[in-house]
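Q: I'm new to this one. Can you take me through some of the contacts in it and how they get their labels?

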Amino acid sequence: MESISVFEIIKVGIGPSSSHTMGPWNAASAFIRIIKRERAIDEVKEVFVEFFGSLAKTGIGHGTDIAGMLGLAGEDFKTIDTTKIDEKIETIKTTQILNLGGEKEIPFIYGHHLILNMQKSLDYHPNGMIFKAIFEDGTELVQDFYSVGGGFIMSQEKKSIEKQCIRTLYPCHKSSDIVKYCDKLGLSKISDLILMNEESWRTQEETREEALYIWQQIKECIYKGVNKEGILPGGLNVTRRAAGMNRKLLGDKIYKNKDEWFQQVVDAEENFTNINKWIACFALAVNEENASFGRIITAPTNGASGVIPAVLMYSQAFTESISEEDIVRFLLVAGEIGTLFKKNATISAAMGGCQAEIGVSSAMAAAGLTEILGGSVGQVLMAAEIAMEHHLGLTCDPIKGLVQIPCIERNTMGAIKAITAANIALESDPAKAKVTLDEVIQTMWETALAMSDRFKETSEGGLAIAVNVPEC
């Protein structure tokens with residue numbers, strides 16, 4: 001089983017969906033690299049992409065088509081000016097020209113060169129897509145890709161995972177491995193073990209720098225979210241709420257940048273109701289940014305991107321664990337818990353419903369928070385188990401295929417459950433627990449397999465059909 005860095009689970013992304021936006025974008029970029037490896041961009045006459053299954057059924061709402069075009073055009077979602085996305089897409093559609101890989105202009109007709117096939121699903125995975133390049137000499141290059149959650153992609157032959165196979169010093173593929181190695185090495189902190197394993201990718205100092213960079217991106221995302229008013233795109237006419245909550249909670253306090261704002265939050269009145277509202281505000285801010293093609297932190301997916309930021313911000317604003325070292329330890333542990341779900345179950349809503357997104361992110365956040373609040377190895381794993389246990393069976397049923405209702409509010413619930421799970425675990429004896437984290441992960445996977453496809457990000461069941469929303 002492959003080792004996965006925590007920064008493959010927690011990373012910079014773009015909204016609104018990791019599986020339906022980032023995955024197709026990564027696939028398009030990978031297809032460009034394959035073309036360059038096999039032939040040359042100048043030899044390409046036309047390019048086609050067809051999206052199937054869940055990618056097609058909720059593709060418009062998730063920006064799957066936009067991601068496919070921008071990826072083929074050589075854009076990078078980590079660096080693109082998100083305010084220019086609509087303009088770039090409109091140019092492609094109106095001129096019917098795509099600058100392939102940013103190097104060669106080719107004809108590109110939306111609806112002909114890019115198709116959303118809602119009648120067919122590929123057998124290997126519900127998030128399937130096929131790219132085809134036709135060269136000037138008439139030969140073709142065809143590649144299938146599957147978006148398997150969190151922005152990860154693969155082909156049916158698993159040849160499209162373009163990364164070196166990494167073996168860590170202490171491979172942790174199950175929570176029992178974490179316990180084993182912590183016992184063997186005499187470690188009282190899971191983060192110490194993860195820090196050693198991350199040296200397979202980078203030095204410990206580089207790991208700390210990456211974690212703190214992610215923290216700064218989290219603060220930036222929340223700050224943007226709490227300062228934006230208006231209606232979210234997509235036609236549901238969902239009003240942004242984070243800015244209004246932020247304004248009410250801070251009253252007449254003035255700030256000029258994110259650091260001044262953060263200090264105002266820290267200095268704000270602390271009572272249960274206010275803290276609860278702040279947690280909700282943090283989560284809403286991130287997911288409102290995500291819903292409008294903003295740059296966010298994927299953790300482990302975009303639909304669940306508000307949970308970990310909300311809990312980490314809570315820990316820095318309202319607990320005594322407020323050091324940079326705590327931030328690093330929180331993210332290391334949270335990311336490692338995410339790898340366990342990816343390896344042994346799924347982090348894709350198209351495979352497992354929303355339990356695979358909000359549930360996993362809540363478990364990650366619960367573990368990270370317990371780690372920095374002084375929890376033992378057993379208590380950290382227990383917190384993750386508790387959080388997931390109370391998300392089992394959660395469906396993914398976005399109205400109109402948009403990552404808005406119920407997705408945005410679900411992040412607030414996932415954050416609160418994570419904090420509650422951490423508090424319960426910190427007051428419990430893990431030796432007396434009846435369910436282990438490995439067992440709940442296996443149960444989550446079995447639940448995913450038994451769940452109807454109507455509740456797996458297809459917008460064909462649950463709230464998606466119960467709520468009648470007229471087309472705009």
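A: Let's start with a term: a salt bridge is a side-chain nitrogen of Lys or Arg within 4 Å of a carboxyl oxygen of Asp or Glu. Keep in mind that this is a predicted model. Searching the whole structure turns up 19 salt bridges.

Q: What makes Glu-136 and Lys-104 a salt bridge?
A: Their closest N and O atoms are 3.3 Å apart, and the cut-off is within 4 Å, so the pair counts. Glu-136 sits in the loop between β6 and β7, while Lys-104 belongs to strand β4, 32 residues apart.

Q: Why is Lys-104 called buried?
A: Its relative accessible area is 17%. Buried means under 20%, so Lys-104 gets that label.

Q: How do you know that Lys-228 and Glu-289 tie together separate parts of the chain?
A: The two form a salt bridge, with 3.3 Å between the closest N and O atoms. Lys-228 is in the loop between α9 and α10 and Glu-289 is in helix α12, so the link joins parts 61 residues apart in sequence.

Q: Is Lys-228 buried, exposed or in between, and why?
A: In between: Lys-228 has a relative accessible area of 36%. Exposed needs over 50% and buried needs under 20%, so Lys-228 is partly exposed.

Q: And why does Glu-289 count as buried?
A: Glu-289 has 3% relative accessibility, which is under 20%, so buried is the word.

Q: Which residues are linked in a network of salt bridges?
A: Asp-192, Arg-208, Glu-325 and Arg-329.

Key
Residues numbered from 1 in each chain as written. Predicted model: local features only at pLDDT ≥ 70, side-chain atom pairs only at ≥ 80, totals over all residues. Heavy atoms only, no water. Helix = DSSP H or I, 4+ residues; strand = E, 2+ residues; numbered from the N terminus. Buried < 20%, exposed > 50% of the residue type's maximum accessible area, 1.4 Å probe, protein only.
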